[in-house]
Amino acid sequence: MFNAVSKSPWVVHFNCNSCNGCDIEFLACLTPHYDVERFGILHIGNPKHADVLVVTGSVNNRNARVLQNVYNQIPDPKVVVAMGVCTSSGGVFAGCYNILGGVDIVIPVDVFVPGCPPRPEAMIDGIVKAVGILERKRKGEVFPTAPKPTHTFKPSEEQSAEKTVIKEEKTV
Amino acid sequence: MAKNTIIPFGPQHPVLPEPIQLRLVLDEERVVSAIPVVGYVHRGLEKLAEQKDFLQDTFLIERICGICSFIHSLTYSMGIESMMGLTPPPRAQYLRVIWSELHRMHSHLLAVGLLADAFGFENLFMQLWRTREHIMDAMEATTGARVMLGTCCPGGVRKDIDPELLKFILTTLVTVEKEMDEQMPVLLNDYSVKQRLCGVGILDKQTAYERGAVGPTARASGIAMDLRTHGYAAYGELGVEPMVETDGDCYARTKVRVRELYQSMNIVRKAIGQIPAGPINVPFKTKPDGEVVMRAEQPRGEVLYYLKGNGTDMLERLRVRTPTFANIPPVLAMLAGCELADVGVIVISIDPCISCTER
Amino acid sequence: MINNVENITVDCLLDKVASKLPLGFRFVTMTCVDCGEHFDILYHFDKNYELTNFRLSLKKGEPLPSISGLIFAALVVENEIQDLFGIKVNGLALDYEGRFLLTETAPEKPLCRVPGVMIVEAGKPAAAAEVK
């Protein structure tokens, strides 16, 4: 019976500070074209029913507390999947005054899925990875939090990093 | 009788894909008034736009909202062009229309799909989103991206659509229309759907106008207002009629969106039929200077950009008034007097985009 | 360029706005711009796809009378201006007291410029306006 957790994990989605790009791509994952439901994954509205928390977007001053609340309400064992580059560093909004940083400053993250927005295939891959971690957590294994994606730039490198990005975009 | 209770609706709520809180003042099951609490998605993008140069801003602006990203960059580009006195070539204007309308179609399908989910018809939600994937495929085939197209820039567009891909868009539309012909009767004529939508969240014409409703919310209340009829980009040559309904309830708003889906399809077909050959952008060396107010029609309604340049790379001020920002006061009017169980449907019926609203 | 701009003062603001409403104008939005010494506040009205604008020049530190008594829709944007520019708006129909978009921990008046720091030269992006 306990296999049910990893055979059919339930996912709660919280939009932290996202631009909607990742959210609609995540919802697109649920629908017939990509269909994560074939892995038994069910999108659920109530955090107390969920095993997996999918977060999109970065943390700002107002929603940090809400994110913490949603995370605390999910029963153990739980895994967190952070979708999109904003969740690791703030992404394109990294320099904004109301952005505190990635979601990893508030809650421990198990899987980062980079991209702006990530493709649905990448999201499915991320969720499936998270389900594997969930299974191992259920068996009592202690899991370290995921390292940040290597492409994440730090705010101090912001200026130089941005310039290279723009150059790439112009040559395309 | 019982005293009024206050129920917080959101920020995390099953029907809301985005965080917004509505403090509902209730008299038993009936909503007396609603107070919006926003700021959960506020990033401070207007400030960041002042710290980047105006070409970088084009890509930042797209990230205001992932659903209508192309039309955001289109409006911004039109504003910059108007400051610099540029006229994009005709082919670019037509390409802009094609991508705008593809965006409108995917956004409307998304909106009615979420509405179906909100009133508990999950099968219909899945079907509508499957149809939407065809349009996403068309966007991916033409630009390489599904959501953030990144094709619009000041002076024109950055990418051409070759004739084969134009044909691919047309065949996609045939599939989409075929599937929609099966789904839309269910959405519009089904007994239980009508039970949830008809007569719910009524917004009369006078209130809609006074509270500044825009887009499908205004058009469903009988206000014939669609900025595309004003003829920006190539819309002037394509002939757009606003789709108006008069009932002002959730059903009318859904019907406006469904009619606009068919209208957008016809616009894309017409644009592909008469797209001229030629260059797709104009080179420029000037810097934006002066002030400009630019408006365009997004899937959710009118978007307003205020841009102020000072002859340098940086803009001095960039302000965005997005459609959902204008639709918040009307939705408060709709919520007053409704039942608690209908709040979700009413809020979703204006197709709220909170990340647009708070930027 | 913006067409149809009429310069107005704080005293006649409410009368001017009230005069627009019976003529069938729709309130679109307000825009606040920090011009260094003062704020420029633009009121945009629309009729038949034509924008008509009022430009109000407000000295820094002065309060702004609210038009939300006349136009309920203005309260959202007025609360936003109160948050982001630190302008006190008097007589709001629903006053969030500067906590509409921002929280206690967020920077105050983020969109204001510090007088004199507004150095923007082409090719030197770093020194642009700083957050107060």
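Chain A holds six helices and seven strands, where helices (H or I, at least four residues) and strands (E, at least two) are DSSP runs numbered from the N terminus. This is a predicted model, in which local features need pLDDT of at least 70 and side-chain atom pairs count only at pLDDT 80 or more, while totals for chains, interfaces and linings use all residues. Residues are numbered from 1 along each chain as its sequence is written, chains are lettered from A and ligands numbered from 1 in the order in which they are written, and side-chain values use heavy atoms, with hydrogens and water left out.

Along its sequence, chain A reads α-β-α-β-β-β-α-β-α-β-β-α-α. Chain C has two helices and six strands, in the order β-α-β-β-β-β-α-β from the N terminus.

The table gives totals for these chains. Buried means under 20% relative accessible area (1.4 Å probe, protein chains only); accessible areas come from the Shrake-Rupley method with a 1.4 Å probe.

| Chain | Residues buried | Accessible surface | Surface on carbon and sulfur |
|---|---|---|---|
| Chain A | 55% of 172 residues | about 7,500 Å² | 58% |
| Chain C | 50% of 132 residues | about 5,900 Å² | 53% |

A contact means heavy atoms within 4.5 Å.

### Chain B against chain A

At this interface, 43 residues of chain A are in contact with 46 residues of chain B. The two chains bury about 3,600 Å² between them, with 61% of that on carbon and sulfur atoms; buried area is the accessible area (1.4 Å probe) lost by two parts on being put together, summed over both. Of the area that chain B buries against chain A, 18% is supplied by B:Gln12, B:Tyr40 and B:Arg43, more than by any other three residues.

Two salt bridges are counted between the chains, each a side-chain nitrogen of Lys or Arg within 4 Å of a carboxyl oxygen of Asp or Glu. One salt bridge joins the side chains of B:Arg146 and A:Glu25 at 2.7 Å, N to O.

On the side of chain B that touches chain A, at least two residues each come from helix H1 (45-51), helix H2 (54-62), helix H4 (90-118) and helix H5 (122-143). H5(B) gives the largest share, 10 residues.
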